[in-house]
Amino acid sequence: CDAIMMAHHADDQIETFLMKLMRGSGLKGLRGMGEDSPCWYDQSIRLLRPLLKTTRYQLESYVAEHGIAHVEDTSNADLKYDRNWVRRQLWPMIIGRYEIADINLAKSISFVGEAWELTQELARMDLVQSQESTGVLLWTKVKDLSVARIKNLLLHIMDEENVTHFSTNHIEQFAAGIKDATMDSSNELRLSGFTMTKRGKRITWSHHENRQAA
């Protein structure tokens with residue numbers, strides 16, 4: 001198929017935001033789910049979420065008004081799952097204290113999304129300025145950026161390369177290492193299935209297979 005329609009709604013988005021917040025996610029994670037995004041297992045398939053601006057209450061009211069039969073997943077009541085705990089324990093306390101928390105959080109999520117787009121725009125500009133015709137980065141140009149912009153550039157490249165499992169601490173250390181490096185020094189960022197290396201005046205990256213010792 002070309003696309004899959006998902007039933008995620010506004011409350012799901014808020015739950016995702018709160019869970020990501022507790023996990024220390026960056027802007028990419030905090031922006032939540034997109035209305036149109038690539039599928040995680042096949043980039044050619046689009047995931048469409050047309051209900052992200054519709055609340056659970058609105059959906060439940062519509063279902064009740066029109067007598068629409070639906071199925072409730074029994075696992076939704078199990079509090080061992082973080083999302084269920086957020087939905088049934090944390091969120092009722094928040095909305096009980098702050099009546100329009102849902103409206104305000106939706107705004108904040110939108111602001112985070114805008115901030116993410118701005119960081120990506122800046123990263124694309126830095127990439128154009130720092131990349132040579134072969135595609136690799138020139139350390140002599142990257143080192144003139146601030147550590148924050150180097151980190152942002154690295155994260156942008158990794159996002160383009162679909163690298164998802166990593167520690168931001170490692171990225172920060174590698175960015176600082178690039179900033180403080182010399183022409184003769186070598187720096188390497190080795191992640192699960194992905195490596196980025198600074199040697200001489202060039203910064204390159206590649207994917208590799210994970211190998212486990214027998």
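This briefing describes helix packing, nonpolar cores, cysteines and selected residues in the structure above. The model is a predicted one. Its largest nonpolar core holds 21 residues, and a second, separate core holds 12. Two helix pairs are described here, H5 with H7 and H1 with H4. A search of the whole structure finds 0 disulfides.

**Packing of H5 and H7**

- Helix H5 spans residues 101-130 and helix H7 spans residues 147-160; their axes come within 9 Å and cross at roughly 95°.
- H5 and H7 are therefore roughly perpendicular to each other, since angles of 65 to 115 degrees fall in that class.
- On the H5 side, the contact is made by Trp-116, Thr-119, Gln-120, Leu-122, Ala-123, Arg-124, Asp-126 and Leu-127.
- On the H7 side, Arg-149, Asn-152, Leu-153, His-156, Ile-157 and Asp-159 take part.
- By class, the residues of the contact of H5 with H7 comprise 6 nonpolar, 4 polar and 4 charged.
- Asn-152, a residue of helix H7, counts as buried because its relative accessibility is 14%.
- Not counting residues up to four places away in sequence, Asn-152 touches Thr-119, Gln-120, Leu-122 and Ala-123.

**Packing of H1 and H4**

- Helix H1 (residues 10-22) packs with H4 at an angle of about 100°, and their axes are 10 Å apart.
- That angle makes H1 roughly perpendicular to H4.
- H1 contributes Asp-11, Asp-12, Ile-14, Glu-15, Thr-16, Leu-18, Met-19 and Met-22 to the contact.
- H4 contributes Asp-82, Arg-83, Val-86, Arg-87, Leu-90, Trp-91 and Ile-94.
- The contact of H1 with H4 has 8 nonpolar, 1 polar and 6 charged residues.
- Val-86 lies in helix H4 and is buried, with a relative accessible area of 5%.
- Leaving aside neighbours within four places in sequence, the record of contacts for Val-86 as computed comprises Glu-15, Leu-18, Met-19, Trp-91 and Pro-92.
- The C-alpha atoms of Val-86 and Leu-52 are separated by 18 Å, the two residues being 34 residues apart along the chain.
- Ile-94 also has its place in helix H4, which covers residues 82-97.
- At 21% relative accessibility, Ile-94 counts as partly exposed, because buried means under 20%.
- Ile-94 is in contact with Leu-18 and Ala-101, leaving aside its neighbours within four places in sequence.

**Nonpolar cores**

- Within the largest nonpolar core, of 21 residues, Leu-154, Ile-178 and Met-196 touch the most other members.
- At least two residues of this core come from each of helix H6 (139-142), H7, helix H8 (168-180), strand E5 (186-191) and strand E6 (194-199).
- H7 gives the most to this core, with 5 residues.
- Ile-178 touches Trp-139, Val-142, Lys-143, Ile-150, Leu-154, Asn-187 and Ile-203, not counting residues up to four places away in sequence.
- The second, separate core has 12 residues, including Val-86, Trp-91, Leu-105 and Ile-109.

**Cysteines**

- A disulfide is a covalent bond between the sulfur atoms of two cysteines.
- The search of the whole structure returns 0 disulfides, and Cys-1 is in none; the nearest cysteine sulfur to that of Cys-1 belongs to Cys-39, 8.0 Å away.
- For Cys-39, the closest cysteine sulfur is in Cys-1, and the distance of 8.0 Å is too far for a bond, the cut-off being 2.5 Å.
- Cys-1 counts as exposed, at 70% relative accessibility, whereas Cys-39 is buried, with a relative accessible area of 0%.

**Other residues**

- Asn-162 lies in the loop between H7 and H8.
- Phi of Asn-162 is near 60°, a positive value in a residue other than glycine.
- With a relative accessible area of 46%, Asn-162 is partly exposed.
- His-66 has its place in helix H3 (residues 56-66) and is partly exposed, with a relative accessible area of 43%.
- The C-alpha atoms of His-66 and Gly-26 are separated by 41 Å, with the residues 40 residues apart along the chain.

Technical notes
Residues numbered from 1 in each chain as written. Predicted model: local features only at pLDDT ≥ 70, side-chain atom pairs only at ≥ 80, totals over all residues. Heavy atoms only, no water. Axes fitted to C-alpha atoms, helices over the stretch in contact; angles between N-to-C directions. Helix = DSSP H or I, 4+ residues; strand = E, 2+ residues; numbered from the N terminus. Parallel < 35°, antiparallel > 145°, perpendicular 65-115°, else oblique. Contact = heavy atoms within 4.5 Å. Nonpolar A, V, L, I, M, F, W, Y, C, P; charged D, E, K, R; others polar. Core = buried A, V, L, I, M, F, W, Y, C linked by side-chain atoms within 4.5 Å. Buried < 20%, exposed > 50% of the residue type's maximum accessible area, 1.4 Å probe, protein only.
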